[in-house]
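Please follow this account alongside the sequence and the coordinates.

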Amino acid sequence: MGKIFVDACLGKDTPYTPVWMMRQAGRYLPEYMRVRAKAGNFLNLCHNPKMASEVTLQPLDIVGVDAAILFSDILVVPNEMGMELEFIKGVGPKFHEPIRTQEDLDRLIGGKEASDRLTYVYETIKILREELDRRGDDKALIGFTGAPWTLATYMIEGQGTKTYNICKKMIYSNPKLLHNILAEVTEVVKYYMESQIKAGVDVVQIFDSWASAIEPAKYNEFSWRYIIEIVDYLKSKYPTTPIILFPKGVPAFLDQVYGNFDVFGVDWSTPMALAKEKLGNRYVLQGNMEPCRLYSKDAITECVESLANTMRDGRHIFNLGHGILPDVPVENAKHFVSECKRASKRD
Ligand code: CP3
């Protein structure tokens, strides 16, 4: 059976517009919390292919989304480049020894050697591939990575940041070092994505969650062109595997978007009609309900109907404009998914 989500990524006609949610396997699901408790903590869960594959499938069965996204985290990449990683309650991810100099960078593991250390991710994908094939339904599996810039912000700052002052200082005062870091991460990510495709994902998504931290005039130089380097590498070897790019918060960059990828993820601050006008003839668009609408069923229906209307010619995938929050009622997530299918059903 053709997979509706894969078909939609490639711009083909589908019986309805498929839907999935960023962070769909997560803390709003009691079933997720139970498996995480068994694993001990979040990183242990990422490192355990049996448990990681179990939580990956939960939103398919519970909420009814059309695609599963591999359960992992973008930060396993710097972790396997040799940076010790901890998730601290109330703080978030933390690297205790951030990269601030060329010597720090030189100590990291690079390229294929780093990507080959991510065996638990490939193992999780293999389990998922087998299970999805066994089920024989048309649900797709999405693999993912962070964009080099977004990964570099954590590697340089050491943790999440409001100001990005350490990595942004590097943009203006030591761009050469920043380019060296970005180039190194790009190499690892190319092999990492290739290995995910070989292990069995149907589609890959690149998250540039902190794209908005860079001024538009510098965004291509410090982020987009590295993303496109990864896209070109993957398309030269796996031309039929769809690629989704999600640069968050860069409406001023819409006029400059280029590259041989398939789907552009629209964040919630960019009107879908504007994204359609600028990019709709070149890319399938994914998004973009404001995730806090998930707190109200009426607010969900209003937005889904408006999106379905704007995108009634197709070339669309429903999603949130960023991740689902932990206190969203599961019932509302189900309402979102069923409303997307209802409102976009073709006659
Ligand atoms: O369901 C899915 O979407 C798949 C799993 C997934 C996770 N992280 C699991 C996770 C994916 C695709 C990610 C990507 C990710 N991780 C991004 C890019 C997307 C985005 O949100 O912008 C980023 C920036 C990260 C880094 C990260 N991981 C942060 C900042 C945090 C802490 C904030 C938080 O939400 O707690 C994480 C932890 C994390 N990654 C959780 C999950 C389910 C929460 C961990 C927990 O169970 O406590």
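In this predicted model, helix H11 lies across strands E4 (140–146) and E5, and its direction is at about 170 degrees to that of E4. The two strands belong to an open sheet of seven strands, ordered E1-E4-E5-E6-E7-E8-E9 and paired in parallel. At the edges of this sheet stand E1 (67–69) and E9 (316–320); each has a single partner strand, so one side of each is left without a neighbour in the sheet. On average, and with direction ignored, neighbouring strands of the sheet are turned by 25 degrees against each other.

Strand E7 (residues 263–265) runs parallel to strand E8 (residues 284–289), and three bridges join them. Here Gly 265 is placed opposite Gln 286 of E8. An antiparallel pairing is made by strand E2 (residues 85–88) with strand E3 (residues 92–95), over four bridges. These two strands form a hairpin with three residues between them, and Gly 90 in the turn has a positive phi of about 85 degrees. Ile 88 stands opposite Gly 92 in E3.

Helix H11 (residues 175–199) also packs against helix H10 (residues 165–173): their axes come within 6 Å and cross at roughly 115 degrees. From H10, the residues involved are Cys 167, Met 170, Ile 171, Tyr 172 and Ser 173, which meet Pro 175, Leu 177, Leu 178 and Ile 181 of H11. By class, this contact comprises eight nonpolar residues, one polar residue and no charged residues.

Across the whole structure, 13 aromatic pairs are found. Tyr 164 and Trp 210 make up a tilted pair, with 6.2 Å from centre to centre and 50 degrees between the planes. What does this pair tie together? Tyr 164 is in the loop between helix H9 (148–157) and H10, while Trp 210 is in the loop between strand E5 (203–208) and helix H12 (216–237), so the pair connects parts that are 46 residues apart in sequence. Tyr 164 counts as buried because its relative accessibility, 11%, is under the 20% limit. Trp 210, with a relative accessible area of 24%, is partly exposed. Elsewhere, Tyr 219, Trp 224, Phe 253, Phe 261 and Tyr 283 form one aromatic cluster. A charged side chain meets an aromatic ring where Arg 225 lies over the face of Tyr 226, 4.8 Å from the ring centre.

Two buried residues complete the account. Asp 66 lies in the loop between helix H4 (49–62) and E1. Is Asp 66 buried or exposed? Its relative accessibility is 2%, and Asp 66 therefore counts as buried. Beyond neighbours within four places in sequence, the contacts of Asp 66 include Ile 4, Phe 5, Tyr 16, Asp 138 and Lys 341.

Ile 300 is found in helix H14 (residues 297–310) and is buried, with a relative accessible area of 0%. Residues up to four places away in sequence being left out, Ile 300 touches Met 289, Arg 293, Leu 294, Asn 332, His 335 and Phe 336. The C-alpha atom of Ile 300 is separated by 36 Å from that of Lys 218, which is 82 residues away along the chain.

Note on methods: Residues numbered from 1 in each chain as written. Predicted model: local features only at pLDDT ≥ 70, side-chain atom pairs only at ≥ 80, totals over all residues. Heavy atoms only, no water. Pairing = 2+ DSSP bridges. Axes fitted to C-alpha atoms, helices over the stretch in contact; angles between N-to-C directions. Contact = heavy atoms within 4.5 Å. Nonpolar A, V, L, I, M, F, W, Y, C, P; charged D, E, K, R; others polar. Phe/Tyr/Trp six-rings, centres within 6.5 Å; stacked < 30°, edge-to-face > 60°. Buried < 20%, exposed > 50% of the residue type's maximum accessible area, 1.4 Å probe, protein only. Lys NZ or Arg CZ within 6 Å of the ring centre and 35° of its normal.
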